[in-house]
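Visitor: I would like to learn how to read a model like this one, feature by feature. Could you take me through it, with the general idea before each case?

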Amino acid sequence: MQTETIRPDQTLSDYLWQQTVEYQDQSLHSNFISGLVAQCLDPSQFGGYLVDDAVYCYEVSQSLKVAAGRSNDDKDLQKFLESSATNWFKYWKEMKEIWHIENRGGVRLGDAASKYVNHIQDVAESEIPVYTIIALIPCAKLWPWLGQQIGSGTNNFGIYSSWVKANLIPESVGYQKYEEFVQRAYEAGKVTADKALDIFKASIKHEVDFFNSVNRCNFQSAGRDEINSRNEL
């Protein structure tokens, strides 16, 4: 897909979202999301993904702390990064209790999750702090969008219904706060659309790869074929 120039009437975040439509679609039809919809995702694969996701939350909290520590010239941004780090660490604590994880060092991350957290860490350590927020918008914005597409809260996902309802929440708008800081930095000339797109695109590609890190389940054994399952998405 050819990259278009950001329009004068377009926010940076809307531009980044528009430029990554293909990866949104790939996420929607990924092994993980398709498996939830078809109700055939192997519980062991689901559990492995969630253990990786718990560690992802921990590593994001640490990257946000790094970015916050480099934000001394912007106290509002620093405060937001610190608050976000606290929230992500809270997610980690909640998930490690559910999955009986003693500590971060006891988990060997899968390849897709490892590359994802390394990407965010690299951004936090080498780019100006607001780019760390840009690296996290795909996760914050994609999950509510996926919930909307698959009918979270209304459709039946079998044993995964409660998880889908609690995590793929169409009404969630937390990403909008991320977008506000990004737009402010863009209008101030601190952020360029090209670099923002590179970082945003890398993150959403990692989302796709992470979703595809589970095995694709057998739709026919679940009494549904893959084509029909996809048509219902």
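Guide: Let us begin with overall size, where the radius of gyration is set against what a compact globule of the same length would give. This is a predicted model, and for its 233 residues a compact globule would have a radius of gyration near 17 Å, while the protein chain has 18 Å, which agrees. Taken along the principal axes, the C-alpha atoms fill a box of roughly 55 × 45 × 30 Å.

Visitor: What share of the 233 residues is buried, and what share of the contacts with a separation of 6 or more comes from residues 24 or more positions apart?

Guide: Buried residues make up 49% of the 233 in the protein chain. Of the contacts with a separation of 6 or more, 78% are accounted for by residues 24 or more positions apart.

Visitor: How many helices and how many strands does the protein chain have?

Guide: The count is 11 helices and 0 strands, so that the pattern read along the sequence is α-α-α-α-α-α-α-α-α-α-α.

Visitor: How should I read the packing of two helices, for instance at what angle the axes of α4 and α6 cross?

Guide: One reads the distance between the axes together with the angle between their N-to-C directions, and angles under 35 degrees count as roughly parallel. The axes of α4 and helix α6, which spans residues 111-126, come within 9 Å and cross at roughly 5 degrees, and α4 and α6 are therefore roughly parallel to each other. On the α4 side the contact is made by D52, Y56, E59, V60, S63, V66 and A67, and on the α6 side by A113, Y116, V117, I120, Q121, A124 and E125. Sorted by class, this contact of α4 with α6 has 9 nonpolar, 2 polar and 3 charged residues.

Visitor: Where does S63 lie, and is S63 buried or exposed?

Guide: S63 has its place in helix α4, and because its relative accessibility is 5%, S63 counts as buried. Once its neighbours within four places in sequence are left aside, S63 is in contact with I120, Q121 and A124.

Visitor: And how do α4 and α10 pack, in terms of angle and axis distance?

Guide: The angle between α4 and α10 is about 150 degrees, with their axes 11 Å apart, and that makes α4 roughly antiparallel to α10. The residues making the contact are Y49, D52, D53 and Y56 of α4 with E207, F210 and F211 of α10. By class, the contact of α4 with α10 has 4 nonpolar, no polar and 3 charged residues.

Visitor: How is G48 placed, and which helix holds G48?

Guide: G48 lies in helix α4, where G48 is partly exposed, with a relative accessible area of 36%. The C-alpha atoms of G48 and L109 are separated by 9.4 Å, although these residues are 61 residues apart along the chain.

Visitor: Which residues does E179 touch, beyond those up to four places away in sequence?

Guide: E179, which lies in helix α9 (residues 175-187), touches S13, I137 and K141 when residues up to four places away are not counted. With a relative accessible area of 15%, E179 is buried.

Visitor: Turning to cysteines, how many disulfides does the structure hold, and which residues does a disulfide join?

Guide: The general idea is to look at the distance between cysteine sulfur atoms, with 2.5 Å as the cut-off. The structure holds 1 disulfide, which joins C40 to C217 with an S to S distance of 2.0 Å. The pair links distant parts of the chain, 177 residues apart, with C40 in the loop between α3 (31-38) and α4 (43-69), and C217 in the loop between α10 (193-211) and α11 (226-231). With 45 degrees about the S-S bond, the link of C40 and C217 is right-handed, and both C40 and C217 are buried.

Terms used. Residues are numbered from 1 along each chain as its sequence is written. This is a predicted model: local features need pLDDT of at least 70, side-chain atom pairs count only at pLDDT 80 or more; totals for chains, interfaces and linings use all residues. Side-chain values use heavy atoms; hydrogens and water are left out. Helices (H or I, at least four residues) and strands (E, at least two) are DSSP runs, numbered from the N terminus. Buried means under 20% relative accessible area, exposed over 50%, partly exposed in between (1.4 Å probe, protein chains only). Axes are lines fitted to C-alpha atoms, for helices over the stretch in contact, and angles run from 0 to 180 degrees between N-to-C directions. Angles under 35 degrees count as roughly parallel, over 145 as roughly antiparallel, 65 to 115 as roughly perpendicular and the rest as oblique. Contact means heavy atoms within 4.5 Å. Ala, Val, Leu, Ile, Met, Phe, Trp, Tyr, Cys and Pro count as nonpolar, Asp, Glu, Lys and Arg as charged, and the others, Gly among them, as polar. The radius of gyration is taken over C-alpha atoms; the globule rule is 2.2 Å times the number of residues to the power 0.38.
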